[in-house]
Amino acid sequence: MKNRKLLMIPGPIEFTPEVLAAVGSPTTSHVAPNFIASFGESLERLRELFRSPSGQPFILAGSGTLAMDSAAANLVEPGDRALVVNTGYFSDRFAGILRRYGAEVTEVKARAVGDAPSADEVARALGARSYKLMTITHVDTSTAVRADVRSLAALGRNHGALVVVDGVCSIGGEEFCQDAWGVDLALTASQKAVGVPPGLALIVAGPRAMKAFAARRSAVGSYYSDWTEWLPIMTAYEARTPAYFGTPAVNLVWALNVSLGEILSEGMDARARRHDRLSGAFKAAMAALGLRAVPVRPELYASTLTALYYPASTDARLVGLAAEEGVIVAGGLHPEIRTKYFRVGHMGAVTEADVIATVGAIEKALARSGASVEPGVGLSAAASALRS
Ligand code: PMP
């Protein structure tokens, strides 16, 4: 009997055996020729992942929060104004990080948990005063709300703001086109749709972001995040020459290059379609089971995860029961509704079989928790969605 459970939280996720083998391969020197080649290729492939031929990629040892920290530290100077399009917990975090580096932050908040600010509200805020930058959380993992980055980025650009996108829960799973959408900086982390164990912060800064960085009047307020130190390192690795500032996470970079190879061979469009299809099937199953989604309108539904309110008959016990049925899902995160909902990630190497297993486990957990659930209703809805 296999004694491991299926990990279906919104990061970290299940990784492919090839990626895990790379993590477990013998560690080389960070200036070994084969590691330099792998790091260099990863940088080139990040441009393809982010769809940003004009961008400057950075690979740093750290989590997604470091990527946010690095974006803020390098782009913000004390007194700069920043606009945060707030769709949940991780937008709150970005506002906090920007303030820490001295930004004067204005937030356009969603009217309710599970909603997103409208384009009109964002346009009004941008029109009221000028901003050095605006941030958008592509998919806020606390609400499973997907923001319309394409439209919002166009608004930001029109008003002269640098557009910064937190793509931690989107890039590699949702459609994202950094250059074509006018995004000046995008960031993610390794452990979600990029498909690599936690520990890498990934950033692609476009030409306008790099220009704003070069035009700084004050020193960057973070020693570790400072691009003054990291830019020569990234340039050197891409030119396949050795360089050192801080030791890279060697094995994770090996694994990143393997995962990026897998992602690009699937193809970015095909990958976004697969996420959309599996997400649609999962959401159809949950609706058939009578569970209500946290995002208030289907246009806001993310493809990388689903957030669902517990039905009246149960509560957070459901997460424990699903684990007993072999599938790990996540509890709530947004402070206003934390105990009222749960989250299921379906990204990266996720398959139809994973979706079916997860639906089955939730269906059974619901029944065990006392909900009146017709056996097979969720599974049947998922199977029908997957057939079409
Ligand atoms: N932004 C979003 C949208 C996230 O989902 C997360 C992690 N869940 C982060 C930022 C922070 O990333 P990390 O936990 O890797 O620091």
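In this predicted model, the side chain of Gln-191 places an N or O atom 2.8 Å from an oxygen atom of the ligand. Thr-65 has a polar side-chain atom 2.5 Å from a ligand oxygen atom, while Gly-64 uses a polar atom of its backbone, at 2.8 Å from an oxygen atom of the ligand. By itself the ligand would expose 390 Å², and the protein buries 87% of that area.

The next topic is the interior of the protein. In soluble globular proteins, nonpolar side chains tend to be buried together. Here the largest nonpolar core contains 107 residues, and Leu-98 and Leu-185 have the most contacts inside it. The element that gives the most to this core is helix 9, residues 250-266, with eight residues. At least three residues of the core come from domain 1 (6-11 + 267-387), and at least three come from domain 2 (17-266).

Asp-184 sits in the loop that runs between strand 8 (162-166) and strand 9 (185-189). Is Asp-184 buried or exposed? Its relative accessible area is 2%, so Asp-184 is buried. The side chain of Asp-184 has a partner: a polar contact of 2.9 Å links it to the side chain of Arg-208.

Several places in the backbone deserve a look. Between Gly-11 and Pro-12 the peptide bond is cis, with omega near -5°. Pro-12 belongs to the loop between strand 1 (6-7) and helix 1 (17-23).

Ala-144 is part of the loop between strand 6 (139-140) and strand 7 (145-146). Ala-144 counts as buried because its relative accessibility is 2%, and the cut-off for buried is under 20%. The other is Arg-240, where phi is near 60°. Arg-240 is located in the loop between helix 8 (227-238) and helix 9. How does Arg-240 count, with 34% relative accessibility? Arg-240 counts as partly exposed, because 34% falls between the limits of 20% and 50%.

The last stop is Pro-17, a residue of helix 1. Its relative accessibility is 60%, so Pro-17 counts as exposed; the cut-off for exposed is over 50%. Along the chain, Pro-17 and Leu-321 are 304 residues apart.

Notes: Residues numbered from 1 in each chain as written. Predicted model: local features only at pLDDT ≥ 70, side-chain atom pairs only at ≥ 80, totals over all residues. Heavy atoms only, no water. Polar contact = N/O pair within 3.5 Å; in protein donor to acceptor, adjacent residues only side chain to side chain. Areas by Shrake-Rupley, 256 points an atom, 1.4 Å probe, with all protein chains shown as cover. Core = buried A, V, L, I, M, F, W, Y, C linked by side-chain atoms within 4.5 Å. Buried < 20%, exposed > 50% of the residue type's maximum accessible area, 1.4 Å probe, protein only. Helix = DSSP H or I, 4+ residues; strand = E, 2+ residues; numbered from the N terminus. Domains from an automatic or database assignment.
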